Amino acid sequence: MRAYLDAIAAGYPTVSPALVYLIGMLAFGALVVFVFILPVAGITSWVERRVWARIQSRIGPNRVGPGGFLQWLADGLKNLLKEDVIPAAVDVPLFRIAPYVVVAGFVAAFVALPFAGSLIIADLNIGILYISAITSLVVIGILMAGWSSNNKWSMLGGIRSATQIICYEIPVGLSIFPVVLLSGTLSMQGIISAQGWAPTSWHMFHSPFLFVSFLLFFVGALAEGNRTPFDLPEADSELVAGFATEYSGMRSLLFFLAEWGNLYVIGVLVSTLFMGGWQVPHFTDNGVVLAVAQFATMFVKAYFWVFVAMWVRATLPRVRVDQFMTLCWKYMVPIGLVNVVGTATMMVVLPQGSIVLRWIMVAMTAAILVQFARRVFFHLRRANYGRLGRISEGAA
Amino acid sequence: MTQAINSGLPLIVACSWALLLIVVEMFSGDRRFVGVAWMGVIGLAVTAAMSVHYASVPAVYGNALALDGYAVYFNLLACTLGAAAMLLSIDYLGDAGIVRGEYYSLMFFAVIGVVIMAAATDLIVMFIGLETMSMAVYVLAGIRKSDLRSNEAALKYFLLGALASALLLYGVALLYTITGSTVLADVSKALSDTQHAGADHLVLLLATGLVLIGFGFKIAAVPFHLWAPDVYEGAPTTVTAFMATAVKAGGFAALMRTVLVALAPMRAELAPVLWGAAAVTMTLGNVVALRQTSLKRMLAYSSIAHTGYLLVGVTAGTNEAGSSVLFYLAAYGAMNIGAFGVMAALARRGRGCEKISDFSGLAQTHPAMACAMALFMLSLTGIPPLGGFVGKLYVFTAAMHAGLVWLVVIAALNSVVSAAYYLGVVRTMYFDNAPADVLPPARPYAAVVVAVAAVVTILLGVAPSPVLGSAARAFSKVLLG
Amino acid sequence: MSPLAFYPLAFVCIASAMGVVLSRNPVRSALSLVASLFCLAVFYVFLQAHLVAALQIIVYAGAVMVLFLFVITLLNLESDRGLGEKPVLSAIGFGAGAIVAGGLIAALSRTSLGARAVTLVPTFGTTKVLARQLFGDYLVAFELTSMLLLVAVVGAVVLAKRDGSYEGDEQEAAVPARSEEASH
């Protein structure tokens, strides 16, 4: 990226290089947003609705485009054209800015997200720290939205969201520590390079501590992203639509855009930290092919976790505020602390790790997954026996 | 390496002990927390003993912490005063409606803060010590939550204290921009190089001013004293006793190290400021104390006046003056803990024993307490042969030797003025008639503390040489050659 | 640092800092502070202190200010109260602030700091170097800070917890309260 801009700057000696960098970076940022982030977030919304529909034995949006695939474009267009209502009693400037702050907070995370070995906007040496820092700005936007709406449901939603993000930041941070300890770096590419393509070299299977860390991270990330079962800020049965209650049109959509986009960020983070990121076997010397393979690997891994998050959302009921606090402070934080100390101890006792332990972890995980899948299919077969054959086929 | 660990050891033990106190308190069934209090006292004793054992270690940990004689002296002083305040509290707390066992651990933390302040040879560490002490004392001042005055005291102390801390930190930051270091010795070295560079002079003055304001607040020097009367009055009496003695000692420990070591090259600029602060502080403290009807407020203004006397010693800044300030702090601690101890011993629920008139005819009902109180009042006035007299004598003599004749004259006149209100208390106790509802008998723990304080006050007056000698030894190595 | 980036950023930083003081609405003040802190973090990035920048955002903009906002919105503080009602006090406040600001500007604009050349080692500001400093030279300060925070937490809990939470003490705690209130 930098080299490319350098070349451009050299071609136009009359223009200041700083200006070239600025414009170049802005253009590249806009490109990433429009070509990647918006479609990913949009398509995620369609996928989510289809997945829920399947799980709930419905069909879901299937009219616009093949299988309803273009539904997200239609929704986006509709919301863009809708009237942007600003209620009379709101704090107008804050009300208007809030959705942008939320979106900016999540889009900025993409700066340090790795797509492939050579594809990353900026491999910051504090990558993971940067991401957790910049995404915590989302909460400011949500509080702004909640307060400026001048509506008690909005405010409760905003406050719940702030509580949630602040609280779960701690277990999430604690679950990142062991990974950082193992990799010896905060850089995202560095963390991925410390792992390999094979599951036995993933951080997740380094030791039981890391596996628990991975669970903590995923649960904590769901909570930070306001996803079910932690969607208390938008609990529609209690708070209408939480902090987004007073919003309409595109501003309202921006909040959801951030939520769906954030799902992808969570997926990338989980696969980067625990599952080897874009690592593929070095099967070819062709850089482009390799990059495409790496990108595909990363995307599939990330999207797997997006899918799991949707699955969780369609399956689990929402927790109560007190349960949610108990889970964070009485379980996740202490477990996270034990994990950090345990990993550090492991690294002193077994500096190279233990390949036997890794194989055992992988084997156990595989066994659990196989058993789980068997049960799922068993129940699906029983439930769908003789009716709705199409669904059981689709699930299989 | 071992030296580094050794010098940190008293601090490490103290911190662990304070943590242990929190845990023990959590499981202690006894509502009056006698055991916790004793554990705190033992912990302070252990800390003091360890600091004596590992004494005379020069600055370690990147020159951040020193366990030199100065630190050990203040360590002993703070631990003794803290232990005395804890013992005073045993009976007092339950009666005052304070059911918080954290009381003792907070007081322990406050003592740790004082210890850090005295041992710090780095401005940042010193600041952290100051904050540790202040945080604990803010909470202690407001620990009686059902009492509005206690709430007010805590809030006032906290808001003003936070402002003062911010100013102090800003001053430290500015000093760092000029000198490139926060280590006291390095700051001093850099200042003596750059002092006359001219360009940095204004920043330097600003930085020094901000640092002085920060410390001035903690020792309640005029014009940063406004919080003291309200906070002393509103806080529980035992906490006030702690604040008036140990907190002040900590403030002076940090102030003297900073002014006499780090800012030594600035002596010429600082002298008039300190001179003025000393004169105004003692005069204002004494004059306002004359008009008080509450004993606590009176003692608050008296403590402001004593800050002024102590500042006389800091202004002089010589070895002799420094060691006499150290001695004075010990004497002042003994007599003030005693005076507040008498109040705490007699106070009962709903009857704070805080007005001077509450003590009418105390000599008839509680002859021993009245006698002790009279002793402390006389010592505070500076009447021979008590500790307060010897302290003043040494400080003023040192100031004379440093050529501060007029300041000593002002101080002497002030001592005369102060006699009026101190002796007023004695008159009330001995010559007024006791009211119909007699004060209850003194509490045992508090009575013991008062008795010990009285003995120490007399001993410091009659045989000052051991303490004075150790103060002189403690101070001798502080000033950079 | 390129002036192209510095001046707009400095302007935003100062403007939002002014907003903290001048805004009559506490929520807007707090949000301006967030903006100001964020700009400071960007300055840290330009000064090669990436880790400090990230920590600045996590700790201040992310955690501390969120708690501020949290409390302000929860209490739903009324705006336009306080010093504004007493013009003398606000005049004194502005006067004192102006004097301090004037002194600082006068002092800092004349320092020799600008003349001093600073050479940075290539590893400056990286996590490893910072960690070595933090756990080496500044170990005492670092550890004692954790102690300080613990004291603050304990203190906050002591002040925030209701007195009745010790079973059986409720009456004991309530009686002095009543008698003391009566004595006022």
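**Figure 1. Domains of chain A in the predicted model**. The domain assignment divides chain A into domain 1 (1–81), domain 2 (83–353) and domain 3 (355–396). Taken over C-alpha atoms, the centres of domain 2 and domain 3 of chain A are separated by 27 Å.

**Figure 2. Contact between domain 2 and domain 3 of chain A**. Domain 2 of chain A contributes seven residues, which are in contact with five residues of domain 3 of chain A. On the side of domain 2 of chain A that touches domain 3 of chain A, three residues are nonpolar and four are polar, with no charged residue.

**Figure 3. Contact between chain C and chain A**. Chain A provides 24 residues to this contact, and chain C provides 20 residues. On the side of chain C that touches chain A, helix H2 (26–46) and helix H3 (50–75) of chain C each supply at least two residues. The largest share of that side of chain C comes from H3(C), with 13 residues. By residue class, the side of chain C that touches chain A has 14 nonpolar and six polar residues, and no charged ones.

**Figure 4. Helix H4 (residues 87–109) of chain C**. Helix H4 of chain C has 23 residues, which at 1.5 Å a residue should span 33 Å. Of the 23 residues of H4(C), one is buried, so the helix lies largely in the open; a residue counts as buried if 20 or more other C-beta atoms lie within 10 Å of its own.

Methods: Residues are numbered from 1 along each chain as its sequence is written. Chains are lettered from A and ligands numbered from 1 in the order in which they are written. This is a predicted model: local features need pLDDT of at least 70, side-chain atom pairs count only at pLDDT 80 or more; totals for chains, interfaces and linings use all residues. Domain bounds come from an automatic or database domain assignment. Two residues are in contact if their C-beta atoms, placed from the backbone, lie within 7 Å. Ala, Val, Leu, Ile, Met, Phe, Trp, Tyr, Cys and Pro count as nonpolar, Asp, Glu, Lys and Arg as charged, and the others, Gly among them, as polar. Helices (H or I, at least four residues) and strands (E, at least two) are DSSP runs, numbered from the N terminus. The expected span of a helix is 1.5 Å times one less than its number of residues. A residue is buried if 20 or more other C-beta atoms lie within 10 Å of its own, exposed if 12 or fewer, and partly exposed in between; C-beta atoms are placed from the backbone.
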